[in-house]
Amino acid sequence: MSIEIKQIIFNEENKKLISELRVKAWKAREPNMSSYNGDMIDKFDVMAEHYAAFDKDKMLAAARINIAYQQSEIPDYKTFVSVLQNNTNWPISIFSRLVVHVDYGGFGIPKMLRAPRDEIARKAGCKKMLLWSRTAKKPHKSLIDEGFVL
């Protein structure tokens with residue numbers, strides 16, 4: 001297997017692939033979603049830059065980054081109110097919607113997907129990064145090991 005990370009355009013084809021990947025992966029990991037039949041696209045997808053991991057033409061994983069210049073541009077802002085009270089350090093990068101196909105865990109794909117998003121955040125002048133995650137603690141440990149404060 002040869003994994004390649006690419007920036008992708010959020011067009012109809014990729015929107016469908018990303019949504020299907022999110023639904024399948026999150027249904028497998030979250031029992032309360034087992035009967036979910038909708039898509040997993042939100043208004044912040046349109047404003048985001050998207051990256052995906054591919055093996056040839058197969059999308060194995062996807063993630064997005066949003067750059068927020070004000071509170072209304074932060075997905076699920078209410079979750080971050082205590083962290084962002086009196087924030088004057090705009091812009092802020094938001095890493096979210098990371099999803100890996102259930103058959104491709106354990107290959108380090110999340111870390112591969114983080115590198116280009118880190119670069120986008122640096123170029124935008126972000127001083128803070130928010131991580132919006134639906135999943136458990138494993139990804140958080142790797143960030144703590146790299147010096148992030150969660």
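Strands S2 and S3 form a hairpin, and two residues lie between them. In the turn, Lys56 has a positive phi of about 60°. The strand names follow DSSP: helices (H or I, at least four residues) and strands (E, at least two) are DSSP runs, numbered from the N terminus. This is a predicted model, in which local features need pLDDT of at least 70 and side-chain atom pairs count only at pLDDT 80 or more, while totals for chains, interfaces and linings use all residues. Residues are numbered from 1 along each chain as its sequence is written, and side-chain values use heavy atoms, with hydrogens and water left out.

## The sheet

S2 covers residues 49-55, and its pairing with S3 is antiparallel over seven bridges; here two strands count as paired if DSSP finds at least two bridges between them. Within this pairing, Tyr51 stands opposite Ala63 in S3. S3 itself spans residues 58-68 and is mostly covered, with nine of its eleven residues buried. Buried means under 20% relative accessible area, exposed means over 50%, and partly exposed lies in between (1.4 Å probe, protein chains only).

S3 is also joined to strand S4 (residues 92-100) by seven bridges, and these two strands run antiparallel. Ala62 has Val99 as its bridge partner in S4.

Put together, five strands make an open sheet with mixed pairing, in the order S1-S2-S3-S4-S5. The edges are S1 and strand S5 (128-132), each of which pairs on one side only. From one strand to the next, the twist averages 25°. Helix H4 packs on this sheet, touching S1, S2, S3 and S4, and its direction makes about 25° with that of S3. For these angles, axes are lines fitted to C-alpha atoms, for helices over the stretch in contact, and angles run from 0 to 180 degrees between N-to-C directions.

## Ile120 on helix H4

Ile120 gives a local view of H4, which covers residues 109-124. Ile120 counts as buried because its relative accessibility is 19%. Apart from neighbours within four places in sequence, Ile120 is in contact with Glu49, Tyr51, Ile65 and Ile67, where contact means heavy atoms within 4.5 Å. One of these residues, Ile65, is 55 residues away from Ile120 in sequence, yet their C-alpha atoms are 8.1 Å apart in space.

## Helix H1

H1 has 18 residues and reaches 26 Å from its first C-alpha to its last, close to the 26 Å expected at 1.5 Å a residue. That expected span is 1.5 Å times one less than the number of residues. The buried residues in H1 include Asn14, Ile18, Leu21, Arg22 and Trp26. An α-helix has 3.6 residues a turn, so residues three or four places apart point the same way. The cover over the buried residues of H1 includes strand S1 (3-8), H2, S2, S3 and S4.

With 13% relative accessibility, Asn14 counts as buried. Leaving aside neighbours within four places in sequence, Asn14 is in contact with Ile8, Ile9 and Met59.

## A buried network of charges

The structure holds seven salt bridges, a salt bridge being a side-chain nitrogen of Lys or Arg within 4 Å of a carboxyl oxygen of Asp or Glu. Side chains of opposite charge can pair when their charged atoms come close.

| Pair | N to O distance |
|---|---|
| Asp45 and Arg22 | 2.9 Å |
| Arg97 and Asp42 | 3.0 Å |
| Arg64 and Asp45 | 2.9 Å |

Asp45 forms a salt bridge with Arg22. This pair links distant parts of the chain, with Asp45 in helix H2 (residues 43-47) and Arg22 in helix H1 (residues 12-29), 23 residues apart. Asp45 is buried, with a relative accessible area of 0%, and Arg22 is buried at 1% relative accessibility.

Arg97 and Asp42 also meet in a salt bridge. Arg97 lies in strand S4 and Asp42 in the loop between H1 and H2, 55 residues apart. Both Arg97 and Asp42 are buried.

Arg64 makes a salt bridge with Asp45, joining strand S3 to helix H2 across 19 residues. Arg64 is buried, as is Asp45. Arg22, Asp42, Asp45, Arg64 and Arg97 are linked in a network of salt bridges.
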